Structure formats: structure tokens, C-alpha cells
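Let's take a walk through this one together.

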Amino acid sequence: MASVKTLTVETRSKGGTGPARATRRSGLIPGILYGTGIDPLMVAIDTKTLKLELQDPYYHTKLYDLKVGSTNHRALMRAVQLNPVTDIPIHVDFLRVDPSSRITVDILLKFVNDDKSPGIKRGGVLNIVYHDLQLSCPVDSIPEQITIDLSGLEVGQSIHLEDIKLPAGVQVVHSNRDYTLATIVAPSGLKSDSSETTDEQNATPTTEESK
Amino acid sequence: MLAPKRTKYRKAFKGRIHGVAKGGTTLNFGAYGLKAMSPARVTARQIEAARRAITRYIRRSGRVWIRIFPDVPVSAKPAEVRMGSGKGSTEYWACRVKPGRIMFELDGVSLEVAQKAFELASEKLPVESRFIARVS
């Protein structure tokens, strides 16, 4: 099991927009702690501490010991709301977990050995379809990341869910679907080397709708 | 240039841009993005100019995603025409961009290249923008 980090949080008495804003003005981020059948607890966490935690890409799979007064709660950072413009956290959800239970979490996919892929060496681009994967795993052994080896992949080849090996006890939530996790796509230059002069006209933009 | 294939109505009201973006505020495709920090109407020409600036700088490596689409027809009257006699014809297409909206995404290039490419692209756009990167 990965190391458990201790965070000190305060309780807050009032919910709603006004008190939440007052909490933010006092240098804290409002949050809530819920789960395991115990009543939800409104908390507030220091802004600096939370921002530092959010720098870690694995923050949502890390276990935290939340120190609320004299009691400790083992929890996961389930959701973080960010200001859409400034990306400053405005609210955080902590999910209390039972160490002996299973949980569904989004685990980051780490693509390695891209320098050993002939397709990428030739100028292909790794097109990541899924940056994370929804997995069901025991709380005491949440994997930090799933490593995917890209060595030997050519342009046009892709990696599917069935190609990856998951750690013991870890299951894919939607295993009935055949996910394409990533593909190696050709850049416009590799597709048509002869039409170099007109590459700007040829390079079709990828809009959100055409994904 | 980007434009809708067909529309339900030929002309639209001018409209105003209020508030901040409700969706499209996080990176969905690439590792780097260009986020709008102010509201503006971005035209199809501006989107195309920014896209060209990016693709030119990254030299056809990497991959670019455009997260905005010009779906608002902007009309104009011809020169030296008296007022009245109806609304002018569609002159260009634009997109209403609210603060917080990710306009472009980029992947397959280094951080420095992405920063410079987006710096060049932001020069072509009428909005204040900022570079964002995926935490990894």
C-alpha cells in the first residue's frame, strides 16, 4: 500500500454559498467528508496545503488520514471543483473509506518507452484516447498508475484494454467494452511527404466534434 | 475555414457574452492547452490564423485540437447603402468565447515548443489567454 499522508482539516458549522465564501476569504477551502455510513462532515482545508497536494498527479488515488480534531479519518480525495478561469480549487470532496473494502477509482495511464517505438521515431504522434481508466481495486492496494509499454508500435497500431496487464486484485469496471486506450497516428507530414508546400492547407484541423 | 454545413436559421442576433464558461474548461485531449481569460467573439479567420501559427511552429509534428467552433453568423450591410431595408447578409462566422474556455489543445510536442506555439497563436486571437498543461 502506498504511504498515507496526514492532512489536518477544520470543521465548519454552516453550509451554503455565503458561509463557503466566508471560508474561502479566511484562506481555507470548503470541503465535505462523507462515506462508510457515517454522517457527512463539513470541513475546511488550508488553501496552500490543498494546492500543493493538487500538484501531485496521483492525488485522487492517494489515501489521506484526515485529522479532524482528535479523530482520524482514512479518506480519498474524490472530487475537486476548480474555478473555470483561474483553476483555483473552490471545493473538495473527501470519501471516507474502509481499508478492507473495494473501491472504484480512475487510475492514470502512464505511457512509457516511446523512444523505443518505431512509429513515434518516424514522426508519429501518440494519440492518447484514455488518460485514465476506471478500475475496481481493494482500498489497501490502489495502484498509483498503470504502465503501458509502447515499444515496437508502428504508425497506425493501437493499444487496447486487452493488451495491458493489471495488478492482482484489480479489475476493469466496464470490462465488456473493448477500449482503445491509445493509437499512434501519422502527422500530416508523414502522410504526404510530396505535398510539403501545401501542408498548411492540407492539415485538417481536429475539432471537438470530430474526435 | 470553419463554418457550419447547414443552419436552422440564416441570421442570428448579435447577443452578448455574459459570465464564465460552463463547459470545455479542462484539458480533454492533449497535454497542453490555451485557455481564454476574457470574453470575445472569435471569428473563423482568427481561429484559422491561430491554427496555422501553431502547425507552422510545431513543424507538422504533434497534434492540434480546436475546441471552439464558429457557429454564429455575423451579418453586415454592403458599403454605401442607406439604413433600412432589412438585415445585411452573412459576412463571416464567429464563436462566442467565454473566460475559462479551452480554445486549442496540443500534444506530441515538448513543453517549450507548446508554450511558444500557443504564444504565437494567442497573438492572432482577440481574447486574453493563458497556457495550461496537464499535471503529470
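Start with V125(A), which sits in strand 8 (residues 125–128) of chain A; strands here (E, at least two residues) and helices (H or I, at least four) are DSSP runs, numbered from the N terminus. This is a predicted model, where local features need pLDDT of at least 70, side-chain atom pairs count only at pLDDT 80 or more, and totals for chains, interfaces and linings use all residues. Residues are numbered from 1 along each chain as its sequence is written, chains are lettered from A and ligands numbered from 1 in the order in which they are written, and side-chain values use heavy atoms, with hydrogens and water left out.

V125(A) counts as buried because its relative accessibility is 3% (buried is under 20% relative accessible area, exposed over 50%, partly exposed in between, with a 1.4 Å probe and protein chains only). So what does V125(A) touch, leaving aside its neighbours within four places in sequence? Its contacts (heavy atoms within 4.5 Å) include V185(A) and P187(A), and also R63(B) and D107(B) from chain B. V185(A) is 60 residues away in sequence, yet the two C-alpha atoms are 5.3 Å apart.

Now follow those contacts into chain B. R63(B) has D107(B) as its bridge partner in strand 6 of chain B. Strand 3 (residues 63–66) of chain B pairs with strand 6 in the antiparallel sense over 4 bridges (pairing takes at least two DSSP bridges). Strand 1 (residues 32–36) of chain B is also antiparallel to strand 6, with 4 bridges, and there Y32(B) stands opposite L106(B). Strand 6 (residues 102–107) of chain B is mostly covered, with 6 of its 6 residues buried.

Helix 1 (residues 44–58) of chain B is next. Its 15 residues should span 21 Å at 1.5 Å a residue, and its end C-alpha atoms are 21 Å apart, which agrees (the expected span is 1.5 Å times one less than the number of residues). Among its buried residues are I47(B), R51(B), I54(B) and I58(B). An α-helix has 3.6 residues a turn, so residues three or four places apart point the same way. Just after this helix, R59(B) takes a positive phi of about 55°.

Back in chain A, 6 strands close into a barrel in the order 1-3-2-6-5-4, with mixed pairing. Neighbouring strands of this sheet are turned by 45° against each other on average, direction ignored.

Key:
Axes fitted to C-alpha atoms, helices over the stretch in contact; angles between N-to-C directions.
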